[in-house]
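Visitor: I have a structure to go through. Can we look at it together?

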Amino acid sequence: MNNDTAIAPALVRSSSLTRSMTVNPLTCSIGAELSNVHLGAAAEDEDLLAEIRRALLRHRVIFFRDQDISRAEHVAFARRFGELEDHPVVGSHPDHPGLVQIYKTPDSPLERNENSWHTDATWREQPPMGCVLRCVECPTVGGDTMWVNMVMAYDRLPDDIKAKIEPLRARHSIESSFGAAMPMDKRLALKAKYPDAEHPVVRIHPETGEKILFVNSSFTTHFTNYNTPANVRYGLDKSPGAAQLLGYLTSQAMIPEYQVRFRWQKNSVAFWDNRSTQHYAVMDYEPCHRKMERTAIIGGATD
Ligand code: SIN
């Protein structure tokens, strides 16, 4: 793709010709803001949904401002991209299954799950294809979210690293992330219900065919097929090499040139491709409220 084309603002017409959606890229790497779209109405407009999907695949995370939509409209929009999943630890709204409430308030101790780089729910065999997150209440200052382009992170790896990781697979765990602070019996019950998943380290995007660096520092615990004669001489020298390589790979998410940072307002919405990105919710707003509602769209197998 010509890079100038990739970053030029674009005017996109919907089928009705009564509305025009504009796409304004926020960086040359990732992220675009879409204007003149109401997500409540978009759920009924096939052509507009197709344009939104195109923008999602191209920019990886897309943003919409001033979406004063109901919870039912939020769910209906996300459902146009697939079935929704619940979160086993965070929990859904009682009247809207699949609408997960990520609420941080001054009177409840801040749980620190979102402020680390991650792709949502890679501890599932089939992690979500995408997520739609709406800001219900913002802190006065702070509380931004950052996303990173993991296709770019893969593309820019040195060739020798690309060759080394091509055959590797890795374990992803809910037990060692959401389960870590639980008493042992609860943690083991969580693990029994959601056993660790295994994914390729280099995943192929099912819609674009791009290669994605698919490990993250929140859920990926170790490579499952690193300790082969090619990589290991003696038992004792295997672990440091694998751990260093995994640390190097997960640290690629921290490179600012691959990132976009979004400042929330009430009723801002972010829709991200959960296959090709990671994100980090910056927790710099204590003791303010921050209330977000998220739908996660069930994805497919990673290979
Ligand atoms: C998430 O990690 O899925 C939520 C991100 C956020 O609250 O900004």
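Guide: We can go through the ligand site, then the aromatic rings and the backbone.

Visitor: What should I know about the model and its numbering?

Guide: This is a predicted model, where local features need pLDDT of at least 70, side-chain atom pairs count only at pLDDT 80 or more, and totals for chains, interfaces and linings use all residues. Residues are numbered from 1 along each chain as its sequence is written, and side-chain values use heavy atoms, with hydrogens and water left out.

Visitor: Ok, which residues are around the ligand?

Guide: Ile-102, Glu-114, His-118, Asp-120, Leu-133, Thr-145, Trp-272, His-279, Ala-281, Arg-290, Met-292 and Arg-294. A residue is near a molecule if one of its heavy atoms lies within 4 Å of it.

Visitor: How does that shell divide into nonpolar, polar and charged?

Guide: There are 5 nonpolar, 3 polar and 4 charged residues. Ala, Val, Leu, Ile, Met, Phe, Trp, Tyr, Cys and Pro count as nonpolar, Asp, Glu, Lys and Arg as charged, and the others, Gly among them, as polar.

Visitor: What about Arg-294 and the ligand?

Guide: An N or O atom in the Arg-294 side chain is 2.7 Å from a ligand oxygen atom. For His-279, the distance from a side-chain N or O atom to an oxygen atom of the ligand is 3.0 Å. A polar side-chain atom of His-118 also lies 3.0 Å from an oxygen atom of the ligand.

Visitor: Which element gives the most to the shell?

Guide: β18 does, with 3 residues. Strands (E, at least two residues) are DSSP runs, numbered from the N terminus, as are helices (H or I, at least four).

Visitor: New topic: how many aromatic pairs are there?

Guide: The whole structure has 12. Rings of Phe, Tyr and Trp (its six-membered ring) pair if their centres lie within 6.5 Å; planes under 30 degrees apart count as stacked, over 60 as edge-to-face and the rest as tilted. The Trp-117 and Tyr-280 pair is tilted because the planes are at 55°, with the ring centres 5.5 Å apart.

Visitor: Where do those two sit in the chain?

Guide: Trp-117 is in the loop between β7 (96-104) and β8 (130-137), and Tyr-280 is in strand β17, 163 residues apart.

Visitor: Where is the cis peptide bond?

Guide: It joins Glu-286 and Pro-287, with omega about 0°. Pro-287 is in the loop between β17 and β18.

Methods. A polar contact is a pair of N or O atoms within 3.5 Å; within protein, one must be able to donate a hydrogen and the other to accept it, and residues adjacent in sequence count only if both atoms are side-chain atoms.
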